[in-house]
Amino acid sequence: MLTLYFAPGASSMAVHIALHEIGVTFEAKPMSFHKNDMHAPNYLKLNPEGKVPTLLIDGRPLTEVAAILFYLARRFPEAGLLPHDDPEAEARALSWMSFIASTLHPARRQGLEHATTVYGIADRRLGQGWAIGRYSIADIHLFRLYWRLAASLKPPPDRFPNLTAHHARMMARPAVQKTIEIETAIGYELPA
């Protein structure tokens with residue numbers, strides 16, 4: 001049994017998308033920033049960091065987007081979200097996940113100029129296709145961050161042409177559309 005604790009539009013969106021890509025049954029537990037759900041005592045027992053996502057696996061909590069995406073890809077290999085029997089491709093996916101978590105995710109907190117520089121690096125690194133040459137968890141993770149940047153800052157398409165094209169490919173995916181539909185219906189409360 002899988003249970004996802006998520007906040008619409010937050011980093012947990014990547015895990016939400018992956019669960020829909022896999023097609024596995026899971027229980028969805030939406031959380032509210034405005035109601036301070038992530039700091040409720042019962043939630044802090046699951047995730048002492050007080051953030052989302054948290055994925056319960058038969059009642060055991062797993063946290064951090066990259067770890068959860070990796071778990072889901074390995075647990076459900078038939079979904080094709082991570083190459084198997086190809087250690088180099090798997091390492092490239094993990095390289096992307098590390099870059100996304102440690103460099104892209106915190107970039108906006110360091111100012112618009114820094115974020116523009118970092119997203120330029122991501123754009124050049126991505127090139128014109130999928131992050132590792134085929135669709136993977138790295139694309140899901142990358143999409144969620146660029147989705148947020150594109151929605152809030154609305155960069156011109158030629159500023160990050162590869163990320164813009166990637167965003168369009170991701171928006172065409174049924175799992176992405178379903179996740180956005182569900183999360184939009186609940187309502188976004190993203191912090192600034």
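Colleague: Let me start with M31: is M31 buried or exposed?
Modeller: This is a predicted model, and in it M31 has a relative accessible area of 10% and is therefore buried. The cut-off for buried is under 20%.

Colleague: Where is M31 found?
Modeller: M31 is in the loop between β2 and α2, the latter being residues 41–46.

Colleague: And which residues does M31 touch, leaving out those up to four places away in sequence?
Modeller: M31 touches Y5, F6, A7 and P8, and also D37, M38, Y43 and V52.

Colleague: How far is M31 from R124?
Modeller: Their C-alpha atoms are separated by 35 Å, and the two residues are 93 residues apart along the chain.

Colleague: Let us turn to the sheet. What is the strand order?
Modeller: The order is β2-β1-β3-β4, in an open sheet of four strands with mixed pairing. β2 (27–30) and β4 (60–63) stand at the edges; each has a single partner strand, so one side of each lacks a neighbour in the sheet. On average, neighbouring strands are turned by 20 degrees against each other, direction ignored.

Colleague: How many bridges join β3 to β4?
Modeller: Four bridges join β3, residues 54–57, to β4, and the two strands run antiparallel. Across this pair, L56 stands opposite P61, and I57 stands opposite R60.

Colleague: What about the hairpin of β3 and β4, how many residues are between the strands?
Modeller: There are two residues between the strands, and D58 takes a positive phi near 50 degrees in this hairpin.

Colleague: Staying in β3, is L55 buried or exposed?
Modeller: L55 lies in strand β3 and counts as buried, because its relative accessibility is 0%. Leaving out residues up to four places away in sequence, L55 touches L2, T3, L4 and L19, then R60, P61 and L62, and finally I68, Y71 and L72.

Colleague: How far apart are L55 and Y5?
Modeller: They are 6.3 Å apart in space, C-alpha to C-alpha, and 50 residues apart in sequence.

Colleague: Which strands does α3 touch?
Modeller: Helix α3, residues 65–75, packs on the sheet and touches β1 (2–6), β3 and β4. The direction of α3 makes about 115 degrees with that of β4.

Colleague: At what angle do α1 and α3 pack?
Modeller: The angle is about 5 degrees, and the axes of α1 (residues 12–22) and α3 are 10 Å apart. The two helices are therefore roughly parallel to each other. In their contact, A14, V15, A18, L19 and I22 of α1 meet V65, I68, L69 and L72 of α3. By class, this contact of α1 with α3 has nine nonpolar, no polar and no charged residues.

Colleague: Next, α4 and α6. How do their axes cross?
Modeller: Helix α4 (residues 87–104) and helix α6 (residues 137–153) have axes that come within 8 Å and cross at roughly 20 degrees. That makes α4 roughly parallel to α6. The crossing of these two helices is left-handed.

Colleague: Which residues meet there?
Modeller: From α4 there are A93, W96, M97, I100, A101 and L104; from α6, I137, A138, H141, L142 and L145. The contact of α4 with α6 has ten nonpolar residues, one polar and no charged.

Colleague: And how do the axes of α5 and α6 cross?
Modeller: The axes of α5 (residues 112–126) and α6 cross at roughly 135 degrees and come within 13 Å. α5 and α6 are therefore oblique to each other, and their crossing is left-handed. L112, Y119 and L126 in α5 meet L142, L145, Y146, L149 and L153 in α6. This contact of α5 with α6 has eight nonpolar, no polar and no charged residues.

Colleague: Is T179 buried or exposed, and what does it touch?
Modeller: T179 is buried, with a relative accessible area of 0%. Not counting residues up to four places away in sequence, T179 touches M13, H16, I17 and H20.

Conventions. Residues numbered from 1 in each chain as written. Predicted model: local features only at pLDDT ≥ 70, side-chain atom pairs only at ≥ 80, totals over all residues. Heavy atoms only, no water. Axes fitted to C-alpha atoms, helices over the stretch in contact; angles between N-to-C directions. Parallel < 35°, antiparallel > 145°, perpendicular 65-115°, else oblique. Left-handed = near helix turned anticlockwise from the far one by under 90°. Contact = heavy atoms within 4.5 Å. Nonpolar A, V, L, I, M, F, W, Y, C, P; charged D, E, K, R; others polar. Pairing = 2+ DSSP bridges. Buried < 20%, exposed > 50% of the residue type's maximum accessible area, 1.4 Å probe, protein only.
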